[in-house]
Amino acid sequence: MVLTFGPAPVPAFAQVTAFKQAVAEAASSDDDIAKFYRENGYAPIWTGAGEADRDRRAALMQAITTAADHGLPVARYDPDALMATLSAVRTPRDRGLAEVEMSRVFLTYARDIQSGMLTPRKIDSAMVREIPYKDRTTYLTGLRDAKAASFFRALPPRSMEYNALIKEKVAMERLLNAGGWGATVPAKSLKPGDSGSAVIALRNRLIAMEYLPRSNARGYDAAMQAAVQQFQSDHGLNDDGVAGSETMRQINVGVTARLQSVLVALERERWFNVERGKRHILVNLPDFSAKIIDDGKITFRTRSVIGANRDDRPTPEFSDVMDHMVINPSWYVPRSIVTKEYLPALKRNRNAVSHIEITDRRGRKVNRGAVNFNAYTERTFPFAMRQPPSRSNALGLVKFMFPNKYNIYLHDTPAKSLFSRDVRAFSHGCVRLADPFDFAYALLAKQEADPKQYFQSVLRSGRETRVDLKEPVPVHLIYRTAVTNARGHTEYRADVYGRDAKIWNALSRAGVVLGGVQG
């Protein structure tokens, strides 16, 4: 982009002084911009006549004009208004004001594309992820000291996931322009052997989604069953080949909703633009899964149960570091469960929840027969509750700790039947694992020659035992309804907590639109 500024009929010294004064004045309302220009001697980085300035102008205008490619709202940066401001420069003062305006727009764009433009906890109080914001002045100094094109290319997240989501966005936009996947299936459920108009609609839907080759079949045959199974596998459902209620709901989700999921996932990936750890644990809440990732590859995966979608039970999103596990754990009942669930039951019957011990502030067991439970309220109840180690313990036989202020951890559970459900949101907030022993073996393999034998020997002791991880492992609790699988294909999950819907509404209010591919 080439811009020329009109000549100013004033001496060069006066021009410089007027420019600097205008920069100082315009930057005074933004401490970071003011600091940068003060330390930079009020020299321009955008509006100078040199090649580097021209390159920066061109790179910024190109970036904000194509911001929609990243799911960001072009209107937020208003490239037309910025171009008009630059074109209207006639005096040194005009140039100084334009200089600062370019820096303002640049800083907004740079932070948006690198760390996201929304604040998670303002959208949902359970989205407590800490965003790794960079010092804004480093964007300006970094741009000043680098090649402009290279600097702008390096701003978005560099993860494979982000790049895959960008590709999926383009694919979904093309589908949207082409009319989507056609009519939805007018049935609550279908199964092998069924026939009729609803089966034909299912056939056509699966063909449009490329799960089934073109066919004139009119019945729910083996080919359709296999297609449904593949669809279920790609959407985190039990792949039994029966189009039950949850499968049918997912089949009938349209391209528009899938594109919204991708745009939300792009914003979430910008929030999660951090070093995740050479080895790390990834818990994707809507996927009901927990994985161990080593050098970018999944080396262990298990099903999970997450917090129920009610009251204060939904599992929060955050990152921390797992540093130990507890074998044969006691369950120290959270205060909220003690006062809101168990105290009312004890008021009705002092022998309720008899498998749970009542303890005083020093951890000593209290004779419940000597306690008048009706004398206490939620606020005044002075006791704690504890379930000793056992196979029926609410935490099962092992828990995995990454100490955090939300009191969230991963653990075993005696309630194994829940892992067969399509939707697995039943806990009080912690994450239950379907294969906790194997998970423990995988973690201990880094420090024990025979991790299974070691774990089992501790387990057989029956004693509550803390086992430290010699190499602590980062844990990331994320929430993705659009996620890339190992083959590079995007899979989709249900928005179990409705958080993505809230994010989409916020993105939409900020100006993000569902666009189609032009040309």
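**Close-up views of a predicted model**

**View 1. Strand E8 and its two covered faces.** In this predicted model, strand E8 is covered on both of its faces, with Val 398 and Phe 400 buried on one side and Lys 399 and Met 401 buried on the other. In a regular strand, side chains alternate between the two faces of the sheet. Strand E8 pairs with E4 in the antiparallel sense over four bridges, and within this pairing Met 325 stands opposite Phe 400 of E8. E8 also pairs with E9, again in the antiparallel sense, over two bridges, and here the bridge partner of Lys 399 is His 411 in E9. Lys 399 moreover lies over the face of Tyr 409, at 5.4 Å from the ring centre.

View 2. The model holds 19 aromatic pairs. One of them is formed by Phe 318 and Phe 402, a tilted pair whose rings are 6.1 Å apart centre to centre, with 35 degrees between the planes. Because Phe 318 lies in strand E4 (residues 318–327) and Phe 402 in the loop between strand E8 (398–401) and strand E9 (410–411), the pair ties together parts that are 84 residues apart in sequence. Phe 318 and Phe 402 are both buried. Another pair, that of Tyr 376 and Phe 383, is edge-to-face, with 6.1 Å from centre to centre and 85 degrees between the planes. Which of the terms buried, partly exposed or exposed applies to Tyr 376? Tyr 376 counts as partly exposed because its relative accessibility is 23%, whereas Phe 383, with a relative accessible area of 15%, is buried.

**View 3. A cluster of rings, and a charge over a ring.** Trp 46, Tyr 77, Phe 106, Tyr 109, Phe 151 and Phe 152 are linked into a cluster by ring pairs. Also shown is Arg 95, which lies over the face of Phe 19, at 4.3 Å from the ring centre.

**View 4. The packing of helices H2 and H7.** Two packed helices are described by the angle between their axes and the distance between the axes. For helix H2 (residues 31–39) and helix H7 (residues 136–144), the angle is about 35 degrees and the axes are 8 Å apart, and the crossing of H2 and H7 is right-handed. On the side of H2 the contact is made by Asp 32, Ile 33, Lys 35 and Phe 36, and on the side of H7 by Arg 136, Thr 137, Leu 140, Thr 141 and Arg 144.

View 5. E5 and strand E7 (residues 384–387) pair over two bridges in the antiparallel sense, with Tyr 332 standing opposite Arg 386 in E7.

**View 6. The chain as a whole, for orientation.** The chain has 17 helices and 14 strands, and its C-alpha trace spans about 95 × 70 × 50 Å along the principal axes. Of its 519 residues, 49% count as buried. Among the contacts between residues at least 6 apart in sequence, 67% join residues at least 24 apart.

Note on methods
Residues are numbered from 1 along each chain as its sequence is written. This is a predicted model: local features need pLDDT of at least 70, side-chain atom pairs count only at pLDDT 80 or more; totals for chains, interfaces and linings use all residues. Side-chain values use heavy atoms; hydrogens and water are left out. Rings of Phe, Tyr and Trp (its six-membered ring) pair if their centres lie within 6.5 Å; planes under 30 degrees apart count as stacked, over 60 as edge-to-face and the rest as tilted. Buried means under 20% relative accessible area, exposed over 50%, partly exposed in between (1.4 Å probe, protein chains only). A charge sits over a ring if NZ of Lys or CZ of Arg is within 6 Å of the ring centre and within 35 degrees of the ring normal. Two strands pair if DSSP finds at least two bridges between them. Axes are lines fitted to C-alpha atoms, for helices over the stretch in contact, and angles run from 0 to 180 degrees between N-to-C directions. A crossing is left-handed if the near helix is turned anticlockwise from the far one by less than a right angle, and right-handed if clockwise. Contact means heavy atoms within 4.5 Å.
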